[in-house]
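User: I'm new to this one. Can you walk me through it?
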Amino acid sequence: MSTTLTSGSGVQAPGAADQAAPRVRRSSPLRRRRSIAAWGMAAPFVVLFLVFTAWPVVSSLFMSVTDIKSKDLQNPFAVNFVGLENFTTVLADPTFRKAATNTLYFVVVGVPLTMVVALAIAVALNTGITKLSGFFRIGYYMPVVTSIVAVAVVWRFLLRPENGLINEVLSWVGITGPDWLGSTTWAMPSLIAMAVWRSLGTLVVIFLAGLQSVPKALHEAAALDGATAWQRLRRITIPTIRPTMLFAGVITGIGFLQFFEEPFVMTQGGPLNSTLSVAYLVYNTFGFGNYGVAAAMSYVLFAAVVVLTIIQFKVFGERDDATGQKKRWFRRQGGAV
Amino acid sequence: MTALETKPQAKPRGTVGSHIGEPQSRPWIYVVLGIGLVLVITPFVWMALGSVKSEGELRANPPTWWPQNPTLDNFRELFTRLDFPQFFTNSVVVAVVVTLGNLVFCSMLGYAFAKLDFWGKAWLFRLVLATLMIPGMVTLVPLFVQISNLGMVNTYFGLILPFLAGPFGVFLMRQFIQGIPDELIDAGRVDGAGEFRIFARVVMPLCKPALATLGILTFLGSWNNFLWPLVVSSTEDMYTLPVALALYSVGQNSTQYGLLLAGSMVVVIPILILFFALQKHVVQGLATTGLKS
């Protein structure tokens, strides 16, 4: 069965819903009957989708340009149009800027780190390990399936200054570890370390799938010519799986942009807002009842996600004929990864 | 990374076989991966051992690794003094209903997308596609307003309905159903079966692997979901496990380490059991749909 699922072999641009060729002539009664049947099948999804996704998305756009507060829920007519005021307030707000900087820090350090470690593991799993491969894969994947809240609770204890496991291990080699979560310097790196630990498994699996597309013959030829393993990794493996890497970078980036549970459980955004993320600030602003401002803030976050997604689509669109101009674009992007 | 590059250089160059596909010649890979694996699972082991330690032992400095006097007091307290049976029930009810909803509704639409030609198909598909990218944070506020207008705050409806049919499942099922030969479906049509009948009798039985993948992934997602349950539940009797654990861990129980570790165990263990039992479907589903979504 897995063959059916994986038959697309790697990255495939979505779209082309119209693949099931119309075998019935247009506007025949049969066609109409099938159209009705199809909409009947789509109906439950479409209704739920309109009520709980489409409408909220549209109305959040409206909210972001009003001064709606929690108390206005009873009295919708008290809401005033304020134009882009919420956005200017948000962008000028030092707390938001702090949160945006923290989020950027989290993404810019966390994503490449996760990718490098995951690629190393995937390459190691892919080269010559047959016996325990499945065992390792399950192990590395364990953190992915577990609740972030639960692992954040555990990590909070591992990171305790006096008798946390991490400082205890450090003390064996004579290092006095800091108060990880209580320090403005170390709190964020601690959260990043946990995020890397948690996200590794996903990328290992994705990279392993990508590595199947690397031609063995190329490796063999290069090895015959005396290329070292490192050279082959740099010149053969990485260029071949570059689309997979970019994709992995984008989905990890989108996830990391929205980090929320980690600071909520481990630091409550502290110390001194040093781990306050944009998502956490949206939640807090919402909690204080400033719905309009919170909506505007979430749109700024959305904009960041869209930018990442556009990059993703560009990459997918250019995958098949990476020649000339596009090849150079790839190399530039890949260099950053 | 450094480990990867060093060892092969020591070998004579040009011996292809020694570089590719011969596990016995590279024990260092096992060592490196083994160390990595120990680092990855240590937090879990530490959680499990800590959950059966007494409060006093958890505060000991230096910390103990193996429990001196193993006790189930922490778990006993979770299930008697705190309302963990209720949280557990809430988590199960929400996850099961959400999973069933996704299995049915997503495969119905997935079938329509894959095998039926209907008016409005292209734009409906694009619409569903677009929602894959919308982060939960964007809809958080208006969704709460919507749920509150519907009078569903702090109810199972409020917890469940927004997740009852997700775009991810539609793509997964469409992808899979496209691989089912048209002949089978046409045969059903020739026999005079309607589309719903064909869907239920021909397509669904063939979709078992995809349904298993979607089922387990949806269950995982629902079980671990935190932000929305946190927002929509206002009294303890509606908390799901992650919400209860998170609020205890930052609230008045924040220094009861044994209790929190035992709570983490209760959240993590069922999902790990499920994962070990069905890991093939989880990993496969992620590797394939992840690449295509």
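Analyst: A salt bridge is a side-chain nitrogen of Lys or Arg within 4 Å of a carboxyl oxygen of Asp or Glu. Between chain A and chain B the count is 0 salt bridges. This is a predicted model, where local features need pLDDT of at least 70, side-chain atom pairs count only at pLDDT 80 or more, and totals for chains, interfaces and linings use all residues. Residues are numbered from 1 along each chain as its sequence is written, and chains are lettered from A in the order in which they are written.

User: How many residue pairs are in polar contact between chain A and chain B?
Analyst: 12, with both residues at pLDDT 80 or more. A polar contact is a pair of N or O atoms within 3.5 Å; within protein, one must be able to donate a hydrogen and the other to accept it, and residues adjacent in sequence count only if both atoms are side-chain atoms.

User: Which helix gives the most to the side of chain A that touches chain B?
Analyst: Helix H2 of chain A (residues 29-63), with 23 residues. Helices here are DSSP runs of H or I, at least four residues, numbered from the N terminus.

User: How much area do chain A and chain B bury between them?
Analyst: About 11,000 Å², with 76% of it on carbon and sulfur atoms. That is the accessible area (1.4 Å probe) lost on putting the two together, summed over both.

User: New topic. At what angle do H6 and H12 of chain B cross?
Analyst: Roughly 110°, and their axes come within 11 Å. Axes are lines fitted to C-alpha atoms over the stretch in contact, with angles from 0 to 180 degrees between N-to-C directions. H6(B) and H12(B) are therefore roughly perpendicular, a label for 65 to 115 degrees.

Notes
Side-chain values use heavy atoms; hydrogens and water are left out. Helices (H or I, at least four residues) and strands (E, at least two) are DSSP runs, numbered from the N terminus. Angles under 35 degrees count as roughly parallel, over 145 as roughly antiparallel, 65 to 115 as roughly perpendicular and the rest as oblique.
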